[in-house]
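Please look over the sequence and the structure shown here before reading on. The report below goes through some charged pairs, a core and a surface patch in turn.

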Amino acid sequence: MLRQRLRTRTSPLAFIQRPLELALALALIWYGLILAGLALDLIGRASADTYSGYRTAYDFAANLLAGRASDSARLIAGIAGVVALLLLLTVALKQLPRPYLARHDLELELEGANPGTVTVEPRAVERLAEGIALQHPAVASASGRFGTDDLAVLLEVRRARDLADTLRAVQRSVISGLERHGLPTVLVNVTLTGYDHSSKRELN
């Protein structure tokens, strides 16, 4: 049986992030080559200033005094800076890796007069487990998560009495249901996630 694999999701903002990464990488390579040329005496300082634009940028930044800019120019610059910060921050957060468990269809081999394979989607196994769990009178709601080699069943119960017995009974029922339907018996983990608020008194 296949093991779960971790994958990362692709953000829809990748079309913005990729060009920014490319531009930054090219700038680092270009200025790295200029520094290497200076260190090896392959180019002079005047040529380095020409190729890098450092002196031009420095002189422009040095002449940026608050008194020389109008109120509207400072306002526009401030708004543009905030917008750029929010945009770039959003792109950076969206590009953080978010691993998730890759789910696979379940392939069942058929034997007998008509051999072949049957493909069972993970959601079908989850629906089966949810339906079996809901047959228990103490279960208010159930949700399943099939992970190829394990099945997680999350329960919300109506009452707190005999809680441990309820969880064990649901686990046994789900395992029996998998066997009855010809599905592989996997590890079934039953977890309590909440309770029905209409029966809150019974939990006190």
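In what kind of interaction do the side chains of R123 and E126 meet? In this predicted model, the side chains of R123 and E126 meet in a salt bridge, with 2.9 Å from N to O. The two residues are three places apart in helix α5, and therefore about one helical turn separates R123 from E126. R123 also forms a salt bridge with E130, where the closest N and O atoms are 3.1 Å apart, and in this way R123, E126 and E130 are linked in a network of salt bridges.

A search of the whole structure finds three salt bridges, and the remaining pair to describe is R168 with D165, whose side chains meet at 2.6 Å, N to O. Both R168 and D165 lie in helix α6, three residues apart, which is about one turn of that helix. The table gives the relative accessible area of the residues in these pairs.

| Residue | Relative accessible area | Class |
|---|---|---|
| R123 | 34% | partly exposed |
| E126 | 3% | buried |
| E130 | 10% | buried |
| R168 | 43% | partly exposed |
| D165 | 42% | partly exposed |

E126 counts as buried because its relative accessible area of 3% is under the 20% limit for that class, whereas R123, at 34%, is partly exposed.

The next topic is the nonpolar core. The largest nonpolar core has 19 residues, and those with the most contacts inside it are L151, V153, L155, V174 and L178. The elements that give two or more residues to this core are α5 (122–134), β5 (139–146), β6 (150–157), α6 (163–180) and β7 (187–195), and the largest share, five residues, comes from α5. If neighbours within four places in sequence are left aside, V153 is in contact with A129, A133, S143, G144, V188, N189, V190 and T191.

The last topic is the surface. Here L22, L26, I29, W30, Y31, L33 and Y51 form a nonpolar patch, and together these residues have about 770 Å² of accessible area. Helix α1 (residues 14–39) gives the most to the patch, with six residues, while Y51 has its place in helix α2 (residues 45–52). Is Y51 buried or partly exposed? With a relative accessible area of 47%, Y51 is partly exposed, and it can therefore belong to a patch, since patches are made of residues with over 30% relative accessible area and no salt bridge.

Notes:
Residues numbered from 1 in each chain as written. Predicted model: local features only at pLDDT ≥ 70, side-chain atom pairs only at ≥ 80, totals over all residues. Heavy atoms only, no water. Patch = residues over 30% accessible without salt bridge, like charges linked within 9 Å, V, L, I, M, F, W, Y side chains within 5 Å. Areas by Shrake-Rupley, 256 points an atom, 1.4 Å probe, with all protein chains shown as cover. Salt bridge = Lys/Arg side-chain N within 4 Å of Asp/Glu carboxyl O. Helix = DSSP H or I, 4+ residues; strand = E, 2+ residues; numbered from the N terminus. Buried < 20%, exposed > 50% of the residue type's maximum accessible area, 1.4 Å probe, protein only. Core = buried A, V, L, I, M, F, W, Y, C linked by side-chain atoms within 4.5 Å. Contact = heavy atoms within 4.5 Å.
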